[in-house]
Amino acid sequence: MAVRLGELLLREKRITPVQLQEALNHQRQHGGRLSTSLVSLGILTEDDITTVVSRHCGVPAINLREFDLDPAIVRLVPAESATKYNVLPVGRSGTTLTLAMADPTNVFAMDDVKFMTGLHVEPVVASESAIREAIARYYGNGRQGIEAGPSVKAADLATRALEELGTHDDNIEVVADAEEIDAATLEKQGGEAPIIKLVNALMLSAIQKGASDIHIEPYEKDMRIRFRIDGQLQTVMTPAIKFRDPIISRVKIMARLDIAEKRLPQDGRIKARFVDRGRTRDIDFRVSVLPTLFGEKVVLRLLDPEGLKLDMTKLGFEPDALDRFMRAIRKPWGMVLVTGPTGSGKTNTLYSSLAQINDPHVNIMTAEDPVEFNLAGVNQVPVRENIGLTFAAVLRSFLRQDPNVILVGEIRDSETASIAVKAALTGHLVLSTLHTNDAPSSINRLVNMGIESFLVASSVNLIAAQRLVRRICTNCREPASVSVAELVEAGFPPEQAAGVQAMRGRGCDRCNGSGYKGRVGVFEVMEISDRLRELIVTGAPTAELKQVAMEEGMLTLRQSGLEKVRQGVTSLEEVVRETM
């Protein structure tokens, strides 16, 4: 970031080359960031730097000192992470967390916060000192509002805590460790008939209800089992805590995991055959086991081939967006990227793309972590990072296998990105995914991974961002009482809002009273035109790329969602919840 910020400030004529060199020398002597050195030397103010970074990244700037933050929102990110990355949560809207950052290009910080919170991260720019002051204020010790400084020893803190608690023996109680159960006992419990029937019934119920995941969660005095249906978690059972070990052991036995290992995460797979409503179905379950405070949490991801839509026209693309996407995947070389958070349907879109171009005359090779569905006629390679079979290693091998089309499950690092770009520039069609909030910001993400902007401009053909929104149940759909003002506030043009009739689901037996049944995608498809390529080469900010793409016909995620509201496919609440 140091050199990149320096180049940016030079380009903006905020500093001279002599001042930049002076600041770099100061940084080498005293450490820290280039921005801190520039402020310390009096060359620029923090507001100057924040303004430039905000304009360049297309991210709003805020003055944290004027904000009174909600402590509950601040606590979504642990103090250690906030201090490490110099970030602070400042607001939340639905599934989106607004994060104040001194460096909004720090994708590692955003990815970590996204992983910790399970929320989409929307960055805003704030000055470094303002973020540090806010961290000290909101992550304080509760009495003075600031954290203990380095001069406070651990012994002093312990003494102070004892003084606050008092010295009576009845203030503390020692609880004996839970009884250790050996592997043989666990295996026996997991093999008992009632437990086998219970786990089988859970799995079958999840299939019949169209769930995408089963969550088995142990707590101190009870446990909870939830299904994720149409993107929403629903509690289906709360078994007594005595069933915790038998249920978890049964799942681990089915997934061929080590039932005696309770301290480390484990991943496995269950291939099950069910008789569902008179017909036999084969379903794969991807199993993830994670040690938590009160036992192991288990998540089973259902991989149902029947739930995989390979017809591009049924995914939710608008007609013009679908035409652009189809043109891009039928080109002989170049890169097509699909972006979005986990669970937004990226895999389905990529598999559908492969189904469109799968032909006996085409050599298609995929690197996936893991391989979710078996596609006939496609060479699929599972990535195994624990033995060194990384995306980058697989990609290098692919280039010696005479491929026409390469699918990379995810571009996670600069090495994978570099090899994928080179493959796209040397006569291969490369399909892959990125974790970004929208299509235009994917350009900056690739540049931040170390790919030169002219290579990005030359290699990328199209970027599609997507989200999934719930479909209104067709059995109980009815008009919703949404005012014109609400429609305009959501993004409809005033002249169009008056003619829109928003719909809602009343709730019925078919949709389990939720008013929704199934999901559909909303898409933001940015085709890289010659004009956009020129802007990418010159390092144009994300906001300018987005503006030009919209002028050339791109619908944003919100606009795509509003189109589905106008068609009565989904509700206004769903679109507002999932898009900005």
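I count a contact when heavy atoms lie within 4.5 Å. This is a predicted model, where local features need pLDDT of at least 70, side-chain atom pairs count only at pLDDT 80 or more, and totals for chains, interfaces and linings use all residues. Residues are numbered from 1 along each chain as its sequence is written, and side-chain values use heavy atoms, with hydrogens and water left out.

**Entry 1: serine 353.** I took helices (H or I, at least four residues) and strands (E, at least two) as DSSP runs, numbered from the N terminus. Serine 353 sits in helix H14, residues 346-357. Is serine 353 buried or exposed? I call a residue buried under 20% relative accessible area, exposed over 50%, and partly exposed in between, using a 1.4 Å probe and protein chains only. Serine 353 is buried, because its relative accessible area is 0%. I then left aside neighbours within four places in sequence, and found serine 353 in contact with Met312, Phe325, Ile329 and Leu431.

**Entry 2: the sheet.** I looked up the strand order next. Strands pair here if DSSP finds at least two bridges between them. The sheet is open, with 3 strands in the order E1-E2-E3 and mixed pairing. Strand E1 (87-93) and strand E3 (120-125) are the edge strands, each pairing on one side only. For angles, I used axes fitted as lines to C-alpha atoms, for helices over the stretch in contact; the angles run from 0 to 180 degrees between N-to-C directions. From one strand to the next, the twist averages 30°.

How do E1 and E2 run, and how many bridges join them? They are antiparallel and joined by 6 bridges. Leucine 88 stands opposite alanine 100 in E2. The hairpin of E1 and E2 has 2 residues between the strands, and glycine 94 takes a positive phi near 65° there. Of the 7 residues of E1, 5 are buried, so by the cut-off of under 20% the strand is mostly covered.

Strand E2 (residues 96-101) runs parallel to E3, with 6 bridges between them. Alanine 100 stands opposite valine 124 in E3. Helix H7 (residues 107-117) packs on the sheet and touches E2 and E3. The direction of H7 makes about 145° with that of E2. Helix H8 (residues 128-138) also packs on the sheet, touching E1 and E2. Its direction makes about 80° with that of E1.

**Entry 3: helix H4.** I checked the length of H4, residues 46-57. The expected span is 1.5 Å times one less than the number of residues. For the 12 residues of H4 that gives 16 Å, and the end C-alpha atoms are 16 Å apart, which agrees. Which residues of H4 are buried? They are Ile49, Thr50, Val52, Val53, Ser54, His56 and Cys57. Glycine 58 follows H4, with a positive phi near 70°.

Entry 4: I looked for positive phi away from glycine. Asparagine 86 has a phi of about 55°. It lies in the loop between helix H6 (79-85) and E1, and is buried at 12% relative accessible area. Aspartate 230 has a positive phi of about 50°. Aspartate 230 belongs to the loop between strand E5 (223-229) and strand E6 (232-237). At 16% relative accessibility, aspartate 230 counts as buried.

Last, the peptide bonds. Aspartate 369 and proline 370 are joined by a cis peptide bond, with omega about -5°. Proline 370 lies in the loop between strand E11 (364-368) and strand E12 (379-382).
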